[in-house]
Amino acid sequence: MDTMERTVVRCAEGHVFSTATFPMQNLGAGRIGPGRLIRCPRCARLRHAVPVGFAAQR
């Protein structure tokens, strides 16, 4: 059984996918923005991505 928490993210191109890790998501209030550079499985490029729930909270 997979116990790893997954995060649903949206890349800059609009592709939505889940990832097992979202780098530096728990740095606290001192972090610079919610987005991270991550490889999108749809377009196979490094893209800026944000958690899907973050965009809905703005």
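In what order do the four strands of the open sheet stand? Hi everyone, that is where I'd like to start today. The order is 2-1-4-3, and the pairing is antiparallel. Strands here are DSSP E runs of at least two residues and helices are H or I runs of at least four, numbered from the N terminus; two strands pair if DSSP finds at least two bridges between them. Strand 2 (16-19) and strand 3 (36-39) are at the edges with a single partner strand each, so one side of each has no neighbour in the sheet. On average, neighbouring strands are turned by 50° against each other, direction ignored, with axes being lines fitted to C-alpha atoms.

A word on the source. This is a predicted model, where local features need pLDDT of at least 70 and side-chain atom pairs count only at pLDDT 80 or more, while totals for chains, interfaces and linings use all residues. Residues are numbered from 1 along each chain as its sequence is written, and side-chain values use heavy atoms, with hydrogens and water left out.

Now, how confident is the predictor? pLDDT, its confidence in each residue, runs from 0 to 100. The mean for the protein is 75, and 62% of its residues reach 70 or more.

Strand 1 (residues 7-11) and strand 4 (residues 46-51) pair in the antiparallel sense over three bridges. C11 stands opposite A49 in strand 4. Leaving aside neighbours within four places in sequence, C11 is in contact (heavy atoms within 4.5 Å) with F17, C40, R47, H48 and A49.

C11 and A49 also belong to the largest nonpolar core, along with V9, F17, I38 and C40. Such a core is a set of buried Ala, Val, Leu, Ile, Met, Phe, Trp, Tyr and Cys residues joined through side-chain atoms within 4.5 Å. Buried means under 20% relative accessible area, with a 1.4 Å probe and protein chains only. Of the 58 residues, 24% count as buried.

Not counting residues up to four places away in sequence, H15 touches V9, R10, C40, R42 and C43. Thanks, everyone!

Note on methods: Axes are lines fitted to C-alpha atoms, for helices over the stretch in contact, and angles run from 0 to 180 degrees between N-to-C directions. Buried means under 20% relative accessible area, exposed over 50%, partly exposed in between (1.4 Å probe, protein chains only). pLDDT is the predictor's confidence in each residue, from 0 to 100.
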